[in-house]
Amino acid sequence: MPTQAKNAAIEEISQRFQDSSAAVLTEYRGLTVAQLTQLRRSLGAGSSYAVVKNTLTKRAADQVGHSDLAPLLTGPTAIAFIEGDPVEAAKAIRDFSRANPLLVIKGGVVEGRTVDAAEVSRLADVEPREVLLAKLAGAMKGNLTKAAGLFQAPLSQVARLAAALQEKKEAAGESLPAAEAPADDTAAADTTPETTDAAADTAASTD
């Protein structure tokens, strides 16, 4: 590939990393064109699934601060670049891989944070929006302003807030009622009790 074409490809991949709410790296060896088309459609409008060259993707990842993706860039690689809620896309990829074991989830980037394959799977297991919102409504004890904003928040953000509220309650020596306690597998590694109120305010203002 000529140098100019390589540079253009690197820039395109870099831009996709920056524009996407999530990017899931997969190995697609053995899948048919029809199966890959099915996967693309399952990701939803605005998202894409593209076969990439590992060497060019490493350089693109370096440019956008994701050099730690390098160990994942081996073998035939395709990336699902997600626009919109990464939880729903993670569910689509997880479900497709269960039906088509030749698709191997390697890991990726979710909302700017590098994750491994296990974290992608945990994201896919996040409870439905309605369940999480019901738990948060109880945890917030009637704070309607914040609760109303959560109906417009991305599902992954709702999940993180549910986990953060539970951690804050536990740190204070309290516990939520069993019906309201957020599931452990929705916790995000970068959320701490001290930042919960700020995160909740951010979610409340999300359009």
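In what order do the elements of the protein chain run from the N terminus on? I looked that up first, keeping in mind that this is a predicted model. The elements go α-β-α-β-α-β-α-β-β-α-α-α-α-α. My tally for the protein chain is nine helices and five strands.

Next I checked the chain as a whole. It has 207 residues, and 44% of them are buried.

Then I went looking for the inside. The largest nonpolar core holds 25 residues, and Leu39, Leu43, Tyr49, Ala80, Ile93 and Leu103 have the most contacts inside it. At least two residues each come from strand E1 (22-27), helix H2 (33-42), strand E3 (77-82), H4, strand E4 (104-110) and H5. H4 gives the largest share, six residues. Apart from this core I found another, of 16 residues, including Ile10 and Leu56.

Leaving aside residues up to four places away in sequence, its contacts include Thr26, Leu36, Arg40, Ile79 and Leu103.

Last entry: H4 against H5. The axes of H4 (residues 86-99) and H5 (residues 117-124) come within 8 Å and cross at roughly 110°, so H4 is roughly perpendicular to H5. On the H4 side I noted Pro86, Val87, Ala90, Lys91 and Arg94, which meet Val120, Leu123 and Ala124 of H5.

Definitions and conventions:
Residues numbered from 1 in each chain as written. Predicted model: local features only at pLDDT ≥ 70, side-chain atom pairs only at ≥ 80, totals over all residues. Heavy atoms only, no water. Axes fitted to C-alpha atoms, helices over the stretch in contact; angles between N-to-C directions. Helix = DSSP H or I, 4+ residues; strand = E, 2+ residues; numbered from the N terminus. Parallel < 35°, antiparallel > 145°, perpendicular 65-115°, else oblique. Contact = heavy atoms within 4.5 Å. Buried < 20%, exposed > 50% of the residue type's maximum accessible area, 1.4 Å probe, protein only. Core = buried A, V, L, I, M, F, W, Y, C linked by side-chain atoms within 4.5 Å.
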